[in-house]
Structures are given as C-alpha cells and as structure tokens.
Amino acid sequence: MSGADSPEILAAYDAVRSDKDPTNYLIISYASAVGDKLQLSSTGTGGLSELSSALSPTEAQYAYVRIEYANDTESKRVKFVLIIWIGEGTKVMRKARVSIESGAVKRVLGHHSIQVDARDKGDLEEEEIVKRLRKAGGADYNGGRG
C-alpha cells in the first residue's frame with residue numbers, strides 16, 4: 001500500500017473536513033524520488049493561495065482543500081476539492097504513474113465535489129474553482145455570475 005491511508009494523512013483529512021478545526025488544506029507528497037510511498041508533507045490554514053504556493057514545481061503531489069464561498073447574502077457553502085498536481089519539472093516516470101497511484105489517494109480523500117488536475121499555479125485560481133464548484137453543486141444563486 002502507498003501509505004495514503006496513514007494515520008497522519010487520515011488525521012489531516014479529518015481536520016480539513018471539520019467545522020471546528022482551522023486547518024483548511026493538506027498536501028501529500030511522495031516520500032522519495034522512486035516508489036509509491038506517500039506521506040503528509042504539509043497542512044495549513046491559508047486556503048487555496050497558501051496551498052498553491054506550497055506545491056513543488058518538480059513534484060507530483062496531491063492536495064485536499066476546503067473552500068467556503070457565499071451563495072448569496074444569507075448563506076455560505078463549504079465544498080472540498082481534490083487537487084492532483086503534476087509540476088512542470090516532474091520526472092516522466094513519476095508523471096506516468098500518477099494516473100495509477102492517484103486511485104489510492106482518491107479512496108482515502110473520497111469526499112470531494114470536484115477534482116482539479118493542475119500543471120501550473122494558474123490552474124488553481126480560486127475564482128475559477130468556485131465557478132466549477134457552483135456548476136457541480138447545482139444551485140447557483142448569482143444568476144451564473146461566478
């Protein structure tokens with residue numbers, strides 16, 4: 001097993017999902033340059049922008065983030081996003097194995113509204129991700145205006 005279900009990763013996942021914990025993202029990285037062993041590499045409270053800056057341009061990583069956005073003046077929605085990150089400088093063999101190895105991560109981080117396959121930081125613009133979440137969520141209280 002890849003270690004995607006390690007106690008550290010499961011605890012971080014529970015923290016991100018909890019309404020009572022300020023942690024709103026986690027990042028899982030490969031433990032070494034070869035092999036499929038995964039480890040929790042960071043957690044944080046700074047949301048998508050902090051998470052984005054913590055991703056490595058030379059690695060494949062997996063991230064899970066809690067995103068809150070307003071539906072209208074009365075309500076807020078909380079959604080979860082799974083990010084499969086393949087930095088531009090990721091080695092070819094690692095890139096090729098992500099499609100296979102991401103299955104274990106998806107099983108552990110199972111509750112998410114959308115999956116974002118990201119290759120550069122531009123793929124992680126919060127406004128675009130919220131638009132996708134609104135579409136995935138069905139109801140759009142802003143008349144389609146992001």
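**Close-up views of a predicted model**

**View 1. Val-16 and the residues around it.** Leaving aside residues up to four places away in sequence, Val-16 touches Thr-23, Asn-24, Tyr-25, Leu-26, Tyr-64, Val-65, Arg-66 and Phe-80. Keep in mind as you look around that this is a predicted model. Val-16 itself is found in helix α1, which covers residues 7–17. Is Val-16 buried or exposed? With a relative accessible area of 0%, Val-16 falls under the 20% cut-off, so it counts as buried. For a sense of distance, find Ile-114: it comes 98 residues away from Val-16 along the chain, and the C-alpha atoms of the two are separated by 16 Å.

**View 2. The sheet, strand by strand.** Here's the open sheet, made of 5 strands with mixed pairing. In what order do the strands lie? Reading across, you get β2-β1-β3-β4-β5. That puts β2 (38–44) and β5 (114–118) at the edges, where each pairs on one side only. Neighbouring strands are turned against each other by 25 degrees on average, ignoring direction.

**View 3. Strand β1 and its two partners.** Let's zoom in on β1, residues 25–30, which pairs with β2 in the antiparallel sense over 6 bridges. Two spots to look for: Ile-27 stands opposite Ser-42 in β2, and Leu-26 has Thr-43 of β2 as its bridge partner. β1 also pairs with β3, again in the antiparallel sense, over 5 bridges. There, Ile-28 stands opposite Tyr-62 in β3.

**View 4. Which way the side chains of β1 point.** In a regular strand, side chains alternate between the two faces of the sheet. Now check β1: Tyr-25, Ile-27 and Ser-29 point one way, while Leu-26, Ile-28 and Tyr-30 point the other way. How many of the residues of β1 are buried? The count is 6 of 6, and the strand is mostly covered.

View 5. On one side, β4 pairs with β3 in the antiparallel sense over 11 bridges. A hairpin joins β3 to β4 through 5 residues. Look for Ala-60, whose bridge partner in β4 is Ile-86. With β5, β4 pairs in the parallel sense over 5 bridges, and Ile-84 stands opposite Asp-117 in β5. Why is β4 described as largely enclosed by the rest of the structure? It's because 8 of its 11 residues are buried.

**View 6. Helix α3 on the sheet.** Helix α3, residues 92–108, packs on the sheet and touches β1, β2, β3 (60–70), β4 (76–86) and β5. Compare its direction with that of β4 and you get an angle of about 145 degrees. What kind of unit do β4, α3 and β5 make? Together they form a β-α-β unit, and a right-handed one.

**View 7. The largest pocket.** This pocket holds about 290 Å³ of space. It has 16 lining residues, and the closest to the centre are Ser-32, Ala-33, Val-34, Lys-91 and Arg-94. Which element gives the most to the lining? That's α3, with 4 residues.

Technical notes
Residues numbered from 1 in each chain as written. Predicted model: local features only at pLDDT ≥ 70, side-chain atom pairs only at ≥ 80, totals over all residues. Heavy atoms only, no water. Pairing = 2+ DSSP bridges. Axes fitted to C-alpha atoms, helices over the stretch in contact; angles between N-to-C directions. Contact = heavy atoms within 4.5 Å. Buried < 20%, exposed > 50% of the residue type's maximum accessible area, 1.4 Å probe, protein only. Right-handed = clockwise from strand over helix to strand, strands pointing away. 1 Å grid on protein atoms, 1.4 Å probe; cavity = no way out; pocket = protein on both sides within 12 Å on 5 of 7 lines; lining within 4 Å. Points joined across faces, edges and corners; volume = space filled by probe spheres on them.
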